[in-house]
Amino acid sequence: MPAAIATRPAIIIIVLFMFSAACQPAQPTVVLPLSTAAASPATDEADTKIPTQEPIEPTPTMLPLLEGSVDLWLDWSQAELKVLNASLDNFQKTFPNVQISISYFPAEDLLEEFRQAGRENREPALLIGPSEWGRALFAEGMIQDIQDRLRPQLVDTIHPVAWGSVRQGRFILGLPLTMQGVVLYRNTALVAQPAATLSELIEASNALEQEGYIGTLIDLGFFSAGAHLSACDGELLTDDGELALTRGAGECWLQILDDWTKAGKSTFNTEDDYDAFLKGQSAWLVDGSWKADPLIAALGVENLAIDPWPVYTPSGRRLSGYAWTNNLYFGSSSQDQDFDVAWILARFLLTEEVQLSLGDARSGRQFPVVTGAEFEDIWLQEMLVALRENIPLPLYPQFEIFIELLEPAIFDVARRGYEPYWSINFVYPKLERAIEAYARREGRTTQ
């Protein structure tokens with residue numbers, strides 16, 4: 001059971017962490033689609049209820065008269081809740097007639113607790129959870145499509161890459177709240193300036209090898225390297241679920257990864273690259289945004305930079321990393337008034353002040369999705385720029401097919417010396433058959 005706190009009129013959040021060490025908030029992990037997300041999205045109006053009245057929307061000169069209650073479920077750490085509590089105090093001063101109830105669950109329990117509550121028609125108005133949950137919860141009829149609630153002003157407030165984590169065809173499954181992603185770190189004590197091109201990165205790494213360093217140890221696992229396909233103008237799937245990857249784009253992408261290996265050494269889905277960077281042996285690191293604080297603690301903020309992705313000269317386009325979000329989901333059973341209250345609270349959490357406070361938190365740091373957020377700390381601003389230039393992590397279930405079939409092709413090129421042309425042509429028929437088989441199993445051709 002959660003620790004639940006009802007608040008009126010002053011918000012006081014007391015979080016009870018009476019769990020074992022395993023229940024404490026875990027380190028951020030790779031966000032991958034859930035297999036249950038394969039079900040078709042609910043399309044019946046009763047299952048995706050949207051209030052028919054004109055939605056309440058605050059403006060810079062007017063705040064709506066608001067009263068009611070809102071339940072918010074989350075799995076945040078004590079440090080994150082402390083930051084949220086301070087923000088909600090300000091919300092309560094503006095809307096004193098709103099009662100907020102916050103329920104905390106351990107990370108491993110939150111999703112199932114929400115599902116159980118949905119089956120019993122008692123789910124909260126708001127749920128904060130990762131973007132990987134959206135497809136499955138929407139398919140099960142437990143969260144609402146909020147497309148009809150969106151206004152141009154709100155759409156423009158949130159950076160486009162974040163919208164990619166809540167969009168499913170014509171449906172919008174929630175509001176992006178915070179962002180994480182895969183970025184390119186640089187040890188400025190080893191290499192003073194960012195590399196404009198991949199060739200320059202390789203050249204600088206080779207120079208370090210002559211001095212006894214590794215150069216750059218690069219992780220070529222699909223989660224770290226898959227987004228580089230965008231530098232080849234390639235995609236994995238079309239909007240209707242058909243294979244979009246071409247042999248030419250696949251060959252280009254494998255060539256990029258083969259070039260990466262010339263910068264030093266490679267690894268596959270291990271922490272070896274992180275450890276080498278931490279020890280000052282590797283000049284660049286491709287890793288998650290959540291690694292920034294421990295890297296700063298180890299190397300010093302003056303020795304860490306988050307670089308723009310270098311350009312791959314043959315295509316003239318930048319490499320990239322994946323980005324994804326933590327989202328605000330709206331429970332499907334919310335009545336109109338409760339939905340309005342939840343909507344205003346969600347909009348408040350997307351103000352620059354709240355977003356910056358989440359990004360400034362020393363523990364449990366979360367990066368803003370709003371376009372107007374700007375930090376004074378150089379590294380934080382570099383992180384924002386890097387995340388905004390990334391591409392959305394694919395959330396369709398077929399993503400696992402690409403990981404399963406393309407990682408061996410990467411290994412063949414990087415470790416066995418196979419030519420990218422032959423490797424992609426060998427695996428391509430397998431991809432075609434696997435995607436077609438998935439479509440037949442699901443009885444549809446959409447994502």
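R122 has a relative accessible area of 42%, so R122 counts as partly exposed; buried means under 20%, exposed over 50%, and partly exposed in between, with a 1.4 Å probe and protein chains only. Before I go on, this is a predicted model, where local features need pLDDT of at least 70, side-chain atom pairs count only at pLDDT 80 or more, and totals for chains, interfaces and linings use all residues. Residues are numbered from 1 along each chain as its sequence is written, and side-chain values use heavy atoms, with hydrogens and water left out.

Back to R122. Its side chain meets that of E120 in a salt bridge, at 2.4 Å from N to O. By salt bridge I mean a side-chain nitrogen of Lys or Arg within 4 Å of a carboxyl oxygen of Asp or Glu. E120 is also partly exposed, because its relative accessible area is 42%.

How many salt bridges does the structure hold? There are 13 salt bridges in the structure.

One of them joins D340 and R149, with the closest N and O atoms 2.7 Å apart. This pair links distant parts of the chain: D340 sits in helix α11 (residues 336-349), R149 in the loop between α3 (134-139) and α4 (152-157), and 191 residues separate them. Helices here are DSSP runs of H or I with at least four residues, strands are runs of E with at least two, and both are numbered from the N terminus. Are D340 and R149 buried or exposed? Both D340 and R149 are buried.

Next, R317 and D233, whose side chains form a salt bridge at 2.9 Å, N to O. R317 is in strand β13 (residues 317-318) and D233 in the loop between α7 and α8, so this pair ties together parts 84 residues apart in sequence. R317 is partly exposed because its relative accessible area is 37%, while D233, at 64%, counts as exposed. There is also a network of salt bridges that links D258, D259 and K262.

Now a polar contact, that is, N or O atoms within 3.5 Å; within protein, one must be able to donate a hydrogen and the other to accept it, and residues adjacent in sequence count only if both atoms are side-chain atoms. The side chains of T178 and Q366 make such a contact, at 2.6 Å. T178 lies in strand β7 (residues 175-187). T178 counts as buried because its relative accessibility is 3%.

Last, E242. E242 is located in the loop between α7 (222-225) and α8 (247-261), and at 46% relative accessibility E242 counts as partly exposed.
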